[in-house]
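Welcome! Here is a short briefing to read alongside the sequence and the 3D view. Take a look at the structure, then follow the points by topic.

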Amino acid sequence: MAIDNESFELLLATVQRFVNERLVPAEDAVEEHDEVPADIVDDMKEMGLFGLSIPEEYGGIGLSMSQECRVAYEIGQTSLAFRSVFGTNVGIGSQGILMDGTEAQKQEILPRVASGELIMSFALTEADAGSDSAAVKTRGELVKDGEGDHYILNGSKRFITNAPRAGAFTLMARTDGPGAGGISAFVVYADSKGLGLGKPDKKMGQRGTKTCDVILDNVRVPAANIIGGKPGQGFKTAMKVLDRGRLHISAVACGMAQRILNEAVAYARERKQFGKRIGDFQLVQAMLADSQAELYAGWSMVQDAALRYDAKGAPSVSDPYVSMLASCCKLFCTEMVGRVADRGVQVHGGSGYINEYPVERFYRDVRLLRLYEGTTQIQQLIIGRELMGRD
Ligand SMILES: Cc1cc2nc3c(=O)[nH]c(=O)nc-3n(C[C@H](O)[C@H](O)[C@H](O)COP(=O)(O)OP(=O)(O)OC[C@H]3O[C@@H](n4cnc5c(N)ncnc54)[C@H](O)[C@@H]3O)c2cc1C
């Protein structure tokens with residue numbers, strides 16, 4: 001799956017313009033009001049951003065992984081809240097259906113996800129199942145009655161991105177015994193009876209993004225809503241979704257590193273101390289140079305890994321080596337952007353600590369990238385396990 005080069009370059013140029021002319025000027029308002037303005041969300045729908053990764057036959061744009069990463073790099077160059085509005089539709093919320101869903105599920109759901117009419121979230125994490133995501137406790141009990149086979153879901157999901165906006169969830173619940181093999185992935189509609197939301201989480205950064213708990217109290221879901229139709233496959237689906245998500249997040253991290261570096265260079269060219277531009281001091285140049293070199297390394301990794309992902313026949317890739325490369329990207333790029341943000345603040349001096357300058361909020365925003373979709377330590381474990389398992 002990919003679109004031709006000419007159409008892709010046009011799309012990329014449109015996204016770049018949109019970032020520079022619409023999103024960057026709206027950053028302060030998003031920070032202040034903790035909300036992405038509705039007219040911007042409408043523009044995103046019109047541009048097709050909600051359907052970037054969904055094939056054309058289901059109403060999306062149908063980008064390859066490497067094309068999606070290049071778009072994510074551009075979108076990463078502004079407040080991460082903007083990406084979050086459509087990020088779960090493009091990635092973790094919908095990809096399970098595309099990868100493992102039945103044809104009926106794809107046809108019913110994906111066109112609405114691609115248009116932005118239906119917001120989808122990904123609900124795996126629970127209070128006692130974070131990094132140990134196979135420890136999911138939310139239960140799905142099969143009932144067979146006059147209304148056909150159903151599951152009754154009970155439990156609670158934590159920190160679910162876009163949950164307050166979501167119309168449906170890709171939600172993992174235990175339908176069988178312990179361990180990964182007992183987990184099934186369901187499509188659960190937000191208006192299902194018994195489904196409730198917790199209070200919005202108060203976060204360190206990324207204002208304008210929304211997360212909260214999702215509480216399931218005897219929620220009745222048709223058995224036909226199990227992704228792929230077969231129970232027990234949900235954990236595998238979730239892991240495949242996360243591989244893809246990790247490449248996307250890595251590209252976003254590189255985009256954000258590029259923006260922070262641009263801000264730091266601009267400041268270093270303008271700010272004068274000791275009668276010179278601070279950027280003329282080699283100790284300041286060293287900070288900029290380290291950031292540039294690390295950004296180049298990270299972005300090269302992401303592009304390489306995304307091409308390898310595509311070569312494995314995306315969208316449904318289940319390859320341990322590519323999976324390890326996705327973890328390498330997530331590990332390196334999200335840690336890298338943390339260092340770039342730290343240097344960005346340093347180059348700005350005291351002004352970097354004041355919220356008039358975007359680096360202050362980017363410093364807080366990027367902290368999350370090292371935590372969700374698998375912490376840095378979980379990426380290290382995946383890489384280590386793969387290395388030790390091979391001859
Ligand atoms: C803003 C935000 C948005 C999120 N969005 C979503 C979402 O949309 N959907 C979703 O399902 N989840 C989401 N999450 C959850 C996120 O994926 C988890 O927070 C993350 O996976 C870590 O789990 P935890 O918070 O329980 O930390 P823990 O698992 O308790 O980890 C705590 C620390 O212990 C370390 N650790 C744990 N186990 C090991 C080990 N075996 N070896 C070494 N170190 C270890 C971790 O690396 C970490 O440093 C979101 C979280 C946040 C904060």
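In strand 3, Gly148 sits opposite Asp145. This is a predicted model, in which local features need pLDDT of at least 70 and side-chain atom pairs count only at pLDDT 80 or more, while totals for chains, interfaces and linings use all residues. Residue numbers start from 1 along each chain, following its sequence as written.

**The strand pair**
- Strand 2 (residues 139-145) and strand 3 run antiparallel and are joined by seven bridges; two strands pair if DSSP finds at least two bridges between them.
- Helices (H or I, at least four residues) and strands (E, at least two) are DSSP runs, numbered from the N terminus.
- The link from strand 2 to strand 3 is a hairpin through two residues.

**The domains**
- The protein is divided into domain 1 (5-115), domain 2 (120-232) and domain 3 (235-389), with bounds that come from an automatic or database domain assignment.
- The C-alpha centres of domain 1 and domain 3 are 20 Å apart.
- Domain 1 has 24 residues in contact with 28 residues of domain 3, where contact requires C-beta atoms, placed from the backbone, within 7 Å.
- On the side of domain 1 that touches domain 3, helix 3 gives the most, with eight residues.
- That side of domain 1 has nine nonpolar, nine polar and six charged residues. Here Ala, Val, Leu, Ile, Met, Phe, Trp, Tyr, Cys and Pro count as nonpolar, Asp, Glu, Lys and Arg as charged, and the others, Gly among them, as polar.

**Around the ligand**
- There are 21 residues around the ligand, and Thr125, Gly130, Ser131, Thr375 and Gln377 come nearest; a residue is near a molecule if its C-beta atom, placed from the backbone, lies within 6 Å of it.
- Why does the ligand lie between domain 2 and domain 3? Both domains give residues to the shell around the ligand, so it lies between them.
- Strand 1 (120-123), strand 3 (148-161) and helix 11 (376-389) each supply at least two residues of this shell.
- By class, the shell has ten nonpolar, nine polar and two charged residues.

**The nonpolar core**
- The largest nonpolar core has 110 residues. Such a core is a set of buried Ala, Val, Leu, Ile, Met, Phe, Trp, Tyr and Cys residues joined through C-beta atoms within 7 Å, and buried means that 20 or more other C-beta atoms lie within 10 Å of a residue's own.
- Helix 7 (residues 234-270) gives the most to this core, with 16 residues.
- Among the residues with the most contacts inside the core are Phe186, Leu247 and Val337.

Conventions: Contact = placed C-beta atoms within 7 Å. Buried ≥ 20, exposed ≤ 12 C-beta atoms within 10 Å, placed from the backbone.
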